[in-house]
Structure formats: structure tokens, C-alpha cells
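Reader: Hey, I'm new to this one. Can you walk me through it?

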Amino acid sequence: MDTLINQIDREKLPRHIAIIMDGNGRWAQEQGEDRLFGHYHGVESVRDIVEGCAEIGIQFLTLYAFSTENWDRPEYEVVGLMELLVSTIRKEVETLHKNNIRLHVIGDMSMLPAYAQQELNEALEITAGNSGLNLVMALSYSGRWELLNAVKSIANEVKNNRLQLEAINQDTLQKYLCTSDFPDPELMIRTSGEYRISNFLLYQLAYAELYFTNVRWPEFRKNNLFEAIMDYQGRERRFGKTSKQIEESK
């Protein structure tokens with residue numbers, strides 16, 4: 001691991017990494033265990049990846065923890081996930097605070113159980129003044145839900161004459177997204193061998209580099225993260241321009 005971390009160019013780090021933490025259930029089934037067993041072990045990966053991001057100086061890390069579609073999973077799994085969420089936050093919030101990590105939440109928190117909302121709000125308050133890594137948890141979140149809410153909010157502003165139609169541009173839309181306070185991710189990682197973004201940050205991932213790995217989330221560790229970052233650093237980010245234009249602008 002020391003060799004990997006030393007190969008990372010600290011001048012070319014992505015400011016914002018987004019991760020779809022996939023494969024908990026399949027990993028558990030491969031172990032002959034219940035799906036919740038995989039979710040519990042996935043927490044260990046969260047801890048390790050947060051530590052790795054803080055260690056090398058990543059500014060923003062967004063984790064897709066629970067989608068709006070996940071509410072349709074079997075009730076026992078949803079209940080178990082909510083209980084795991086609360087217990088994990090309760091255990092980890094002091095460590096986050098001690099390490100100057102600030103917690104954020106994006107998504108429809110109103111859908112979460114009251115006890116989960118309370119635990120999250122307390123953690124948000126405790127870490128609000130921290131200035132290190134920004135850890136963004138996407139809970140009860142989906143990209144389509146976010147875009148729909150943004151469009152409704154903009155339409156309401158126009159309806160009430162607080163916004164002129166002609167004044168609406170990309171900056172207007174971004175202002176009404178859950179991530180309005182964060183830069184767009186430059187690197188999106190998905191574990192467990194699936195090749196899709198599953199309704200995650202649909203607008204924000206427009207120019208992100210996508211990295212897919214077969215490693216199940218409960219086995220994803222710092223060395224896997226560092227490999228993804230090194231892969232990112234080996235790519236040319238052109239944003240629609242040619243390689244020659246990029247070279248000439250340096």
C-alpha cells in the first residue's frame with residue numbers, strides 16, 4: 001500500500017470522488033450468509049475509504065448509501081439498513097469530528113424514520129464546523145428525484161415572479177440541486193462489476209471519469225481506492241476539446 005500511495009500525484013488529485021457501494025448482498029450470499037451480513041461488513045469498507053481519502057487530501061467524498069428505489073427492498077432489509085445507519089453514525093461521529101471531517105446528507109431525509117433523522121441531524125451539527133474532508137452521504141436519494149425537485153422549485157420561482165424565464169441557465173439549475181455547495185465529481189467509482197450509474201448524480205457526473213471494478217464493496221479497501229485514483233490520473237480530461245487544445249492551454 002505504501003508503494004501505491006507514493007505513486008499518486010498529489011497535484012492531480014480529483015477534488016471530489018463519488019462511489020456507488022455495490023455488492024454487499026452478493027458478497028454475503030457468496031459467504032453463505034444473509035444480505036444484512038454484507039451490509040454490516042460494508043461499514044468496514046466505508047471506514048477504510050473515508051480514512052484513505054482524508055489521508056491523501058481528497059476534499060469531497062460522496063457515498064451512495066441508500067437510493068429511493070431501495071425502499072422497495074424486503075422490509076426486513078430496509079429496517080436492518082436503517083438500524084445499521086443509526087448505530088454506525090452513533091459510533092463514528094466522534095471519530096469523524098476528531099479527524100476534522102464534516103458530514104453532509106443529500107436526499108429526501110423526510111422519508112427516513114424519525115430516529116434516523118434525529119441521529120443524522122445531531123451528527124451534522126457536531127461536525128458542522130470541521131474543515132477537512134467533506135463526507136457526503138446520499139440517503140433516500142436518486143438523480144431523477146433531485147432533478148424533478150429542482151425543476152419544480154425553478155417553476156415555482158418563475159410562477160411567483162421571483163425568476164425570469166430568460167435568466168435561467170446552467171448555474172440556475174445547479175443552485176437548486178442537492179449538491180449546490182459541492183463541486184461536481186471528477187471520479188466516479190462503482191464496485192462489484194456492474195456497468196451503470198443507477199440514478200446517481202445524473203447531472204453532476206456529466207464529465208466525471210467512470211471507474212468500474214469487480215471487487216465487492218465489503219472487500220474494497222484503500223489500495224483499491226488508490227488504484228482507481230492512479231487510473232484517473234492516467235486519463236486525459238478534455239471536456240469536449242482536442243488533445244492539441246489541451247496541450248496548448250497548459
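Predicted model: local features only at pLDDT ≥ 70, side-chain atom pairs only at ≥ 80, totals over all residues.

Reader: Okay, how much space lies in the largest pocket?

Author: About 1,100 Å³. The lining has 44 residues, and the closest to the pocket's centre are Met21, Val46, Tyr64, Ala65 and Met137.

Reader: Which helices and strands supply at least two residues of that lining?

Author: Those are α2 (24-30), α3 (35-56), β2 (60-67), α4 (75-98) and β4 (134-141).

Reader: And which one gives the most?

Author: That's α4, with 10 residues in the lining.

Reader: How do the lining residues divide into nonpolar, polar and charged?

Author: There are 23 nonpolar, 11 polar and 10 charged residues in the lining of the largest pocket.

Reader: Let's talk helices. How do α3 and α4 cross, roughly parallel or roughly perpendicular?

Author: Their axes come within 10 Å and cross at roughly 25 degrees. Angles under 35 degrees count as roughly parallel, so α3 and α4 are roughly parallel to each other. The crossing of α3 past α4 is right-handed.

Reader: What about α3 and α8?

Author: Helix α8 covers residues 222-233, and its axis comes within 9 Å of that of α3, crossing at roughly 50 degrees. That makes α3 oblique to α8. This crossing is right-handed.

Reader: Switching topic: where are serine 198 and asparagine 199?

Author: Serine 198 is in the loop between β5 (187-190) and β6 (209-212). Asparagine 199 is in the loop between β5 and β6 as well.

Reader: What's phi for serine 198 and for asparagine 199?

Author: For serine 198 phi is near 50 degrees, a positive value in a residue other than glycine. For asparagine 199 phi is near 65 degrees, again positive in a residue other than glycine.

Reader: And is asparagine 199 buried or exposed?

Author: Buried means under 20% relative accessible area, so asparagine 199, at 14%, counts as buried. Serine 198 is at 29% and therefore counts as partly exposed.

Reader: One more: where does serine 153 lie?

Author: Serine 153 lies in helix α6, residues 143-159. With 30% relative accessibility, serine 153 counts as partly exposed.

Reader: How far apart in space are serine 153 and methionine 230?

Author: They are 39 Å apart, C-alpha to C-alpha, and 77 residues apart in sequence.

Notes. Residues numbered from 1 in each chain as written. Heavy atoms only, no water. 1 Å grid on protein atoms, 1.4 Å probe; cavity = no way out; pocket = protein on both sides within 12 Å on 5 of 7 lines; lining within 4 Å. Points joined across faces, edges and corners; volume = space filled by probe spheres on them. Helix = DSSP H or I, 4+ residues; strand = E, 2+ residues; numbered from the N terminus. Nonpolar A, V, L, I, M, F, W, Y, C, P; charged D, E, K, R; others polar. Buried < 20%, exposed > 50% of the residue type's maximum accessible area, 1.4 Å probe, protein only. Axes fitted to C-alpha atoms, helices over the stretch in contact; angles between N-to-C directions. Parallel < 35°, antiparallel > 145°, perpendicular 65-115°, else oblique. Left-handed = near helix turned anticlockwise from the far one by under 90°.
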